[in-house]
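Hello,

Here is the structure we talked about handing over. Please open it alongside this note, and read on for what turned up.

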Amino acid sequence: MPAAARTDDHAFAVWAAEQAGARLLQVREEGLEGKALKDAGDAAAQELLAALLAEHRPEDKVLSEEAMDDKSRLDARRVWIIDPLDGTREFSEPPRDDWAVHVALWVDGDLAAGAVAQPALGETFSTALPSVVPPRTSERPRIAVSRSRPPAFVEALAAELDAELVPMGSAGVKVMSVVRDVADAYVHAGGQYEWDNAAPVAVARAAGLFCSRVDGADLVYNKDDVQLPDLIVCRPELAEEIIDFVKRHGVG
Ligand SMILES: Nc1ncnc2c1ncn2[C@@H]1O[C@H](COP(=O)(O)O)[C@@H](OP(=O)(O)O)[C@H]1O
Ligand SMILES: [Mg+2]
């Protein structure tokens, strides 16, 4: 473990996400396919992250997609919100690289640190070294959407903004696509959970991107109900138009 990760939560998030990412790359080499590969990936990454958190941050609570929800987190000051494998479907389709490991830390009411590892891309984005979003390379806005379940309203939004849709897997990968100038916005509705977007939003905010619910409200984490069904992450100049569209048309 790097010395900084002992005391620095940003560095710990990066290290833990990369450890789980390395484990997932190994699992992908074990000859499994389909559901067996998905299940093995979810289990291996969960086991590794749970062990690292128990050993190195024993006082903290954890909210994970792959573990029972321990409600004592609601009275805690520090809660790690993790998705050991986001984009499980794409993980099971090698050599796709649109899957990720999410590690976020929530402290006293808001996200305080986060890392999103994209192991098959060899990249980790984090609050340890906030990303600098490159200048926009596309004149037409590009909107990242779910590859397997794109929300219907995003097509109408794209038509209004004269935008192009860029389908890909994983919420973390879609948020990082905005950080990387592969897309200019990620707009989602219809279902998601805190672990799907906590670490990505921590990273995107640190990079200066706009992040909110689709109606412009704040994203709130470590709630009793962990559903967080919709969000926008975009270049700041696109936020008003997107929220305005949702106010006029809804997300139905
Ligand atoms: N309508 C929905 N309801 C619940 N979860 C959803 C959802 N749409 C997307 N997600 C979750 O968000 C993540 C990204 O999905 P997508 O690739 O379709 O954009 C996936 O996480 P997991 O892969 O961790 O299950 C997926 O389960
Ligand atoms: Mg997920």
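**Helices α6 and α7**

Helix α6 (residues 171-179) and helix α7 (residues 194-206) have axes that come within 8 Å and cross at roughly 15°. The two helices, α6 and α7, are therefore roughly parallel to each other. The crossing in which α6 passes α7 is right-handed. Keep in mind that this is a predicted model.

Which residues make the contact between α6 and α7? From α6 come Ala171, Gly172, Val175, Met176, Val178 and Val179. They meet Asp196, Asn197, Ala199, Pro200, Val201, Val203 and Ala204 in α7. By class, the contact of α6 with α7 has 10 nonpolar residues, 2 polar and 1 charged.

**Sheet β1 to β5**

Now to the sheets. One is an open sheet of 5 strands with mixed pairing, in the order β1-β2-β3-β4-β5. Its edge strands are β1 (61-64) and β5 (123-126), and each pairs on one side only. On average, neighbouring strands of this sheet are turned by 15° against each other, direction ignored.

How do β4 and β5 run, parallel or antiparallel? Strand β4 (residues 110-118) and β5 run antiparallel, and 4 bridges join them. For a landmark, take Ala117: its bridge partner in β5 is Thr124.

Two helices to check against this sheet are α3 and α6. Helix α3 (residues 34-56) lies across β1, β2 (78-86) and β3 (100-107). The direction of α3 is at about 155° to β2. Helix α6 lies across β2, β3, β4 and β5. It runs at about 95° to β4.

**Sheet β6 to β10**

Another open sheet is formed by 5 strands, in the order β7-β6-β8-β10-β9. The pairing here is mixed. At the edges are β7 (164-168) and β9 (210-212), each pairing on one side only. Neighbouring strands of this sheet are turned by 20° against each other on average, direction ignored.

Strand β6 (residues 142-146) and β7 run parallel, joined by 5 bridges. Ile143 stands opposite Leu165 in β7. Helix α6 packs on this sheet too, touching β6, β7, β8 (185-188) and β10 (231-234). Its direction makes about 150° with that of β8.

Helix α8 (residues 239-249) lies across β8, β9 and β10. The run of α8 is at about 155° to β10.

**Helices α5 and α8**

Helix α8 also has a helix partner. Helix α5 (residues 152-161) and α8 pack at an angle of about 125°, with their axes 11 Å apart. That angle makes α5 oblique to α8. The crossing of α5 and α8 is right-handed.

Which residues of α5 and α8 meet? In α5 they are Phe153, Ala156, Leu157, Glu160 and Leu161. In α8 they are Glu241, Ile242, Phe245 and His249. The residues of this contact divide into 6 nonpolar, 1 polar and 2 charged.

Best wishes

Key:
Residues are numbered from 1 along each chain as its sequence is written. Chains are lettered from A and ligands numbered from 1 in the order in which they are written. This is a predicted model: local features need pLDDT of at least 70, side-chain atom pairs count only at pLDDT 80 or more; totals for chains, interfaces and linings use all residues. Axes are lines fitted to C-alpha atoms, for helices over the stretch in contact, and angles run from 0 to 180 degrees between N-to-C directions. Angles under 35 degrees count as roughly parallel, over 145 as roughly antiparallel, 65 to 115 as roughly perpendicular and the rest as oblique. A crossing is left-handed if the near helix is turned anticlockwise from the far one by less than a right angle, and right-handed if clockwise. Two residues are in contact if their C-beta atoms, placed from the backbone, lie within 7 Å. Ala, Val, Leu, Ile, Met, Phe, Trp, Tyr, Cys and Pro count as nonpolar, Asp, Glu, Lys and Arg as charged, and the others, Gly among them, as polar. Two strands pair if DSSP finds at least two bridges between them.
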